[in-house]
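Have the sequence and the model open while reading.

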Amino acid sequence: MSHVEAFEQALADRPVTVDRITATEFPGRIEAQLDPPAVGVPLPFEGVSLSGLPVELNPTPSELTAATTGVTPVGPAVAEYGSVVVQSGVEGAEGVSLYPDKHVAVLAASDVVGSLTDAVAALSGPIADGDLSSAVIATGPSGTADMGSLVYGAHGPETVHVVVLEDR
């Protein structure tokens, strides 16, 4: 089983939906996931962009808090847990992934690694170079059972959709 297949299998046990698509399929599949108003940060993947889609790429604080959907790049992803890493940056990916009710996480298939140890190793270079100061490791939507039954969306997104871009 490949890392991507293991990642998809881990997510099958969580309240997360997944699409594995090509760059050609990206605009239509992303647009179908957008619940307006939507905010996002530029995607670093060749051949895909949020340009032309109803996504505010430089949201103000009020646009961010009013947004229903946030679209961010993520990576690496951890196959064994179905987790994604949202890296900090000047584009504001952490806030865009946490404030809206729905997080659409976009990931390159080649960025799916087997274990958390592999993910930390992948991040060690950017950390050592000073290019990364913090990151959020997210495994599905935000959830809490502090008051009894499990409730999603208490401290972050209520729903998560992961888009795995097949390597081109």
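Q: In which sense do strands β4 and β7 pair, and over how many bridges?
A: In this predicted model, β4 covers residues 69-73 and β7 covers residues 102-108. Within this pair, Thr69 has Lys102 as its bridge partner, and Val71 stands opposite Val104. The sense is parallel, and the number of bridges is five.

Q: Over how many bridges do β7 and β12 pair?
A: Strand β12 spans residues 159-165. One of its residues, Val162, is the bridge partner of Ala105. The two strands, β7 and β12, run in the parallel sense, and the bridges number seven.

Q: What is the order of the open sheet of six strands?
A: The pairing in this sheet is parallel. Its edge strands, each pairing on one side only, are β1 (16-21) and β3 (55-56). The order is β1-β12-β7-β4-β2-β3.

Q: Why is β7 described as largely enclosed by the rest of the structure?
A: Lys102, Val104, Val106 and Ala108 point one way from the strand, while His103, Ala105 and Leu107 point the other way. Both groups are buried, that is, under 20% relative accessible area. β7 is largely enclosed because the buried residues number seven of seven.

Q: Helix α1 lies across β1, β7 and β12; at what angle does it run to β1?
A: Helix α1 consists of residues 3-12. Helix α2 (residues 26-33) also packs on the sheet, where it touches β1, β4, β7 and β12 and makes about 160° with the direction of β7. For α1 and β1, the angle is about 155°.

Q: Which elements give two or more residues to the largest nonpolar core?
A: This core has 22 residues, and those touching the most other members are Phe7, Val74, Ala77, Leu107, Val112, Val162 and Val164. Beyond four places away in sequence, the contacts of Phe7 include Leu107, Val112, Val162 and Val164. A second, separate core of 18 residues includes Ile21, Leu34, Leu43 and Leu165.

Q: Which strands stand at the edges of the open sheet of four strands?
A: The order of this sheet is β8-β5-β6-β9, with mixed pairing. Strand β6 (residues 83-87) runs antiparallel to β9, joined by four bridges, and Val86 stands opposite Val136. Each edge strand has a single partner, so one side is left without a neighbour in the sheet; these strands are β8 (112-113) and β9 (135-138).

Methods:
Residues numbered from 1 in each chain as written. Predicted model: local features only at pLDDT ≥ 70, side-chain atom pairs only at ≥ 80, totals over all residues. Heavy atoms only, no water. Pairing = 2+ DSSP bridges. Contact = heavy atoms within 4.5 Å. Axes fitted to C-alpha atoms, helices over the stretch in contact; angles between N-to-C directions. Core = buried A, V, L, I, M, F, W, Y, C linked by side-chain atoms within 4.5 Å. Buried < 20%, exposed > 50% of the residue type's maximum accessible area, 1.4 Å probe, protein only.
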